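Reader: Could you walk me through a few spots in this model? I would like to go one question at a time.

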Amino acid sequence: MELRHPPQLRQEPEASEQVDAYLDCLPLSSEQRDVVALRIDAHGEADPMQAMHHALAEAGDAAHPAYASVPTRLKLAQVRSMPTGEMPPYGHTALRFAPPLNRKSMVPRPWGILNPVLRWVEAATHRLEKSPQEIAGVDAEEPSPPLEPWRRHGSRRRLTLCVLMLLQTTLACHFMRAVLPYHGEKPLEMALLALFAILTCWVSSGFWTALAGFLVLLRGSDPYLISRKTTQLQDSIAARSRTAIVMPICNEDVTRVFAGLRATYESVARSNNLQHFDFFILSDTNQADTYVAELHAWQELRKTLGDSERIFYRHRRRRIKRKSGNIDDFCRRWGANYEYMIVLDADSVMSGDCLSTLVRLMDAHPDAGIIQTAPKAAGRDTLYARMQQFAMRVYGPLFTAGLHFWQLGESHYWGHNAIIRMQPFMDHCALAPLPGDGVLVGEIMSHDFVEAALMRRAGWAVWIAYDLDGSYEETPPNLLDELSRDRRWCQGNLMNFRLFLARGIHVVHRVVFATGVMAYLSAPIWLLFLALSTALLATHTVFDPQYFAEPGQLFPSWPEWHPDKALALFSATATLLFLPKILSVYLIGSNDARGFGGGLRLTLSMLLEFVCSMLLAPVRMLFHTHFVLSAFIGWTTGWKSPPRADNETTWLEALHRHGLGTVLGILWSIVVYQLSPTYFWWWLPITGSLALSVPISVISSHATLGSYLRKLGLFVIPEEIAPPPELIATTQYVQAASALPGFVDAVVNPSCNALLCTHGKAHPYMPRNSQRKRSDFVNHALKNGPAALTAQDKLNLLDDPLLLSQLHLEVWRSKDAHPDWCLNETSKQSPQQRQIRYETS
C-alpha cells in the first residue's frame, strides 16, 4: 500500500507535538518514554510518527508500521494475550477470543411435505414401487423408547383438560344461545356463536391451566416435579459435565449486557463451581459503534475478573438465521467440547446456585434434553414495566405450574434461561427453512418452540423447573416496545403453525404450536366478534324485526331478550378471567405477603393491575389484528433488538402509533350510542380504552410514576424488597460504568485500535489492484471523515487490521485528516479533551 511520506516532517514542531500527544495516550512511565524517544532518534526517519511506531514495534515492518506496534500497545494497555495457534503475520501474539476450533457437523433436516394427505399419497406411491425386500429393509422403524410413568400420567391429565374445556365451552355456548334474540337461528347469530365458542375455549384453557397450578402450589408438591425438592441431587457437579453459558447478542445495550454477565460470573464463582463453566458472548452486531464497544467491554471484563481462559467473544460476520443461526454456529465450532449449554438472553441474569442446580438436574435425568427455568421479571422502573413485573411475579407461578402439570416432560422452551443437552441438540435441532412460496416461508423466526418439538421428536424430554429460584430477566419498558416485540413473535408463531402437521411432532407440541398462534389469532377473532355484535345491535335497532322469515311460516319468530341471562354470562366470563388472579393473591397471602408490600397493598395492586390490563386489552387487540393481517399479506418484519432501558413514550410517538385506534374508538362509541344509549355503557370499556390509548400509552411509560407507586408500596415484588445479590451487582455495574468507545475511537485511540487490529484477520498479500483500492479507501476516509463511510464500510474496516492500522497512522500524521477524527488545529489539546483516551489500568 503506497503511503505519502512528506520530507523533513520530523523537523516540524507540529509533527513532534503529534508524537507527544500520541505517547500521552499510552500509559508509559517516564523511563519507558525516554527509551521510546531514544529509539525514535535511532531510527533517523523523516516521519516521526512512523519512527515512533517502529520504536514501539517488537518486530519491524516498513510497509505497516502501525500494525507492527500492535503487540506493544496491547501490553501497555495491560491486555492479557495468549497464543492460540492462529498467528497473525509478523509474529504478533493473538488474543484468545475463543477456544481452539473443534468442529462438528450440525445439519438441518428438510421438513419434507407438511401436508399429511400428500405425504400419505407419496408414501403409498413410493411403497408400490418397492419390492417386499426393500420395504422390510428400508422402512423398518427404530423401536420406540419404553413409556415412562410420567408419560402415561401426562396423557391422562391432558385428556382431562380437553374434557373440561369442551364441557365449559358447551355450557357457555348454551347460555350464549339463550341470550341471543333468535337463539342462534339467524346467520349473523350463528357466526357470533361460532366465534364465541372459539374465544371461550381459548379462555377456558388458560383458566384450567391456572386452576391446576393453584392446586399443585396449594398442595405444595407434584410427584413429577423436576427440581431439587423432589430429586436426590449430587452435592457436586460431575467432572465430565462441562457447560457453556452462551449469550447471543445483536446491537444490544453493551453496558447492561456485560453488567449482567459479570454478575452471573461472580455468582458462579461464589458457588465454587466456576471450573465447570465457560462463558461465550456470541455477537451478531452489525453496528460499528456497538461492535467496538462490545470488544472493549469484553476485554475490560476479562481484565477486571482476571480471567482470560473462561470468557470468550465471537463476532459473526455472516448473520444468517438470526439467534438460532448464532447458536448453531457456536455448536458447530465448540459444541463438542461441552456436555451442556445454558442459553441466556441479553437481559438475563442467573445465580450460580441456579446454574449449578440445572447441571446437576441434567446429570440426574439422563433422558432430559432441555430443562427450562421460569425467569422472574425485575429491574424496570416505568409504570408499565412494573405492572408487568408484578403480574408475572404474582400470576406467573400459577400458569407455569399449570403448564408443567399438563405437559410434564413435553413442555415449552422459551429460548433463554434454560439448559440444553448438547449432543442431541446438535443431532436433531438444527432448523431447516420452511418450504414453499409466498408468505410465512423461509428462515424460522421463533426457533425455541420448534427446537423443543424436535428434541421431543427425537425421544428427549423437555421440562419446566418452575420452582427453581435465581433466574431473572427484564420486561419491555412500555407498551409500544412490547408491541414491537409482539409483532416479531406473531409472525414467528404463524410460521411455526405450518409445522402443526409435520411428520413426527408430538401431539403436545402440536398443541403448543396451536396455542402460540392463538395468542395472536384470538385478537382478530375478538375484533370480528365485536364487529358482528355491533352489526347485530344495528340490525335490531334500525330494521323492523321479521316475524315470518320463511315462506308459508304459520307461527311467528319472536325475538326474546334476557338481560338476566346476559348478566349471568358476563359474570361467568369475568370469573374465568379474574379468578386466577384472586387465587394467586390468596396463595401469597396464605404464606407471606411481605415481599409484595403486605396483604392490603398486594390486593390493591392486583385490583389496579386488573383495571389497567382491562384498559390495555382492546389496544393490544387492535395491534395484534394488524400484525396477523400484515403477516398474511406479506409485509416484512424487522428483527430489532428490544430496548434495555426505561424508555418513555413521547406524545408524538404515541399519537403516530395510536392515532388510528383513537379515531376508531371515538367513532365506535358514537355509533353505539346512536344505536342504543343503554348498550353504550356496556361497550365503553372497549371503545373508551381505544379512544384513550394515546394518554394510556404515554402515562404508563413514565418511570417517575412507577417509582412513586413503588414508594407507596404498590406493584412491589420480593426482588425489590430484598434484592438478590446478582441483581444488586448488575445495577451497581450499570451505574458505575464509564463511557464506551465507538468507531472513531477504534481508528484514533492507540489502545482501542490495537485491540480491534488483533481481532481482525490480516491479508498482507493482495493483488496490486486491490492494494490501490484500499489506498484510495484510506484517503477517502481520511479526508471525508467517518460520516462519509457506510455502515458496511465501517464493519469492513474494523475487520481488516492492516487497513485499520493504516488509517490510524494517517489520521495521526496527516494534515488532511477530517476534523471528525478529533485531530484538527487544536492538536495540542489533551487526550481527554479530544475524547480519545480511556482507562487502561
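Author: Happy to! This is a predicted model, where local features need pLDDT of at least 70, side-chain atom pairs count only at pLDDT 80 or more, and totals for chains, interfaces and linings use all residues. Residues are numbered from 1 along each chain as its sequence is written, and side-chain values use heavy atoms, with hydrogens and water left out.

Reader: Do β6 and strand β8 pair in the parallel or antiparallel sense?

Author: Strands here are DSSP E runs of at least two residues, numbered from the N terminus, and two of them pair if DSSP finds at least two bridges between them. Three bridges join β6 to β8 (residues 418-421), and I371 stands opposite I419 in β8. The sense of this pairing is antiparallel.

Reader: Is strand β6 largely enclosed or open?

Author: Buried means under 20% relative accessible area, exposed over 50%, and partly exposed in between (1.4 Å probe, protein chains only). Six of the six residues of β6 (residues 368-373) are buried, so the rest of the structure leaves this strand largely enclosed.

Reader: In β9, which residue is the bridge partner of I370?

Author: Five bridges join β6 to β9 (residues 461-465), and these two strands run parallel. Within β9, the partner of I370 is V462.

Reader: Is D363 buried or exposed?

Author: Leaving aside neighbours within four places in sequence, D363 is in contact (heavy atoms within 4.5 Å) with I237, A238, R240, S241 and Y340. Its relative accessibility is 17%, so D363 counts as buried.

Key. Helices (H or I, at least four residues) and strands (E, at least two) are DSSP runs, numbered from the N terminus.
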